[in-house]
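Work through the exercises below with the sequence and the model at hand. Each task is followed by a solution in steps.

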Amino acid sequence: MVKNLRKPAIFFDRDGVLNEDDGYVYKPPDFKWIPGATEVIRRLKEKGYLVIVITNQSGVARGFYTEDDVIHLHTWMNKDLYGRHQQQIDAFYYCPHHPKIGNEVYQKECECRKPRPGLVRKALTDFTIDLDSSCLIGDKITDLETAEAIGIKSYKFTTENLLEFMVSKRIL
Ligand SMILES: [Mg+2]
Ligand SMILES: [Zn+2]
């Protein structure tokens, strides 16, 4: 018998969903978790979900910080999560591009900048995901459009506490 090894995944936008969106955050000391966010990740991991971050980081194209800074912050987030709850985010996917700003490397009409679905598609090649039981949580219309392009459910985070939000949507 072949067991269904597909896992449900929750895709999270980062800025404004997992952390306060103070504008181009890239340094750990400036990073503030949204209330309830680390608890949400802990509970999702305990329930067997994949937790995946998909984030536009045009601050790279704009020259505000580098891809190394982005990767460093994500490594820091996972260290912090592990210290708190012994759980971690499974993967981070980011778009460093911008269609109009940046040097020849970063200025382009890429497929990964949300609302385009490239980052989610990359995750779908890296993990075996059950799309029917997966969803995306974002705070902008472009996040919801990304989900629509893939054909998964999405929810717009509009309140202040992510745990209460996830409970109200019956995801947790
Ligand atoms: Mg956001
Ligand atoms: Zn991109």
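**Exercise 1.** Does Cys110 count as buried or exposed?

*Solution.* The model is a predicted one. The cut-off for buried is under 20% relative accessible area. Cys110 has a relative accessibility of 7%, so Cys110 counts as buried.

**Exercise 2.** Which residues coordinate the magnesium ion (ligand 1), and where in the chain do Asp15 and Asp139 lie?

*Solution.* Step 1: the donors of the magnesium ion (ligand 1) are Asp13 (OD), Asp15 (O) and Asp139 (OD), at 2.1 to 2.3 Å. Along the chain these donors follow the spacing D-x1-D-x123-D.

Step 1: Asp15 is in the loop between β1 and α1, and Asp139 is in the loop between β4 and α4 (141-150), so this pair ties together parts that are 124 residues apart in sequence.

Step 2: Asp15 has 12% relative accessibility and therefore counts as buried.

Step 3: turn to the largest pocket, which has a volume of about 360 Å³. Its lining comprises 18 residues, and Asp15, Asp21, Asn56, Ser58 and Lys140 are those nearest its centre. The elements β2 and α4 each give two or more residues to this lining.

**Exercise 3.** Which residues have the most contacts inside the largest nonpolar core, and which elements give two or more residues to this core?

*Solution.* Step 1: the core has 30 residues, and the ones with the most contacts inside it are Phe12, Leu18, Leu44, Ile137, Leu162 and Met166.

Step 1: the contributing elements are β1 (9-12), α1 (37-46), β2 (50-56), α2 (67-85), β4 (135-138) and α5 (162-168).

Step 2: take Phe12 as an example. Leaving out residues up to four places away in sequence, Phe12 touches, among others, Leu18, Leu44, Ile137, Leu162 and Met166.

Step 3: another core, of 18 residues, lies apart from the largest one and includes Phe11, Val120, Ile129 and Leu136.

**Exercise 4.** Are His74 and Asp132 buried or exposed?

*Solution.* Step 1: His74 is in helix α2. At 4% relative accessibility, His74 counts as buried. Beyond residues up to four places away in sequence, His74 touches Arg14, Thr55, Phe92 and Tyr94.

Step 1: Asp132 is in the loop between α3 and β4. The cut-off for exposed is over 50% relative accessible area. Asp132 has 68%, so Asp132 is exposed.

Step 2: Asp132 and Asp13 are 119 residues apart along the chain, and their C-alpha atoms are separated by 19 Å.

Conventions: Residues numbered from 1 in each chain as written. Chains lettered and ligands numbered in written order. Predicted model: local features only at pLDDT ≥ 70, side-chain atom pairs only at ≥ 80, totals over all residues. Heavy atoms only, no water. Core = buried A, V, L, I, M, F, W, Y, C linked by side-chain atoms within 4.5 Å. Buried < 20%, exposed > 50% of the residue type's maximum accessible area, 1.4 Å probe, protein only. Helix = DSSP H or I, 4+ residues; strand = E, 2+ residues; numbered from the N terminus. Contact = heavy atoms within 4.5 Å. Donors = N, O, S within 2.8 Å, 3.2 Å for Na, K, Ca; no water. 1 Å grid on protein atoms, 1.4 Å probe; cavity = no way out; pocket = protein on both sides within 12 Å on 5 of 7 lines; lining within 4 Å. Points joined across faces, edges and corners; volume = space filled by probe spheres on them.
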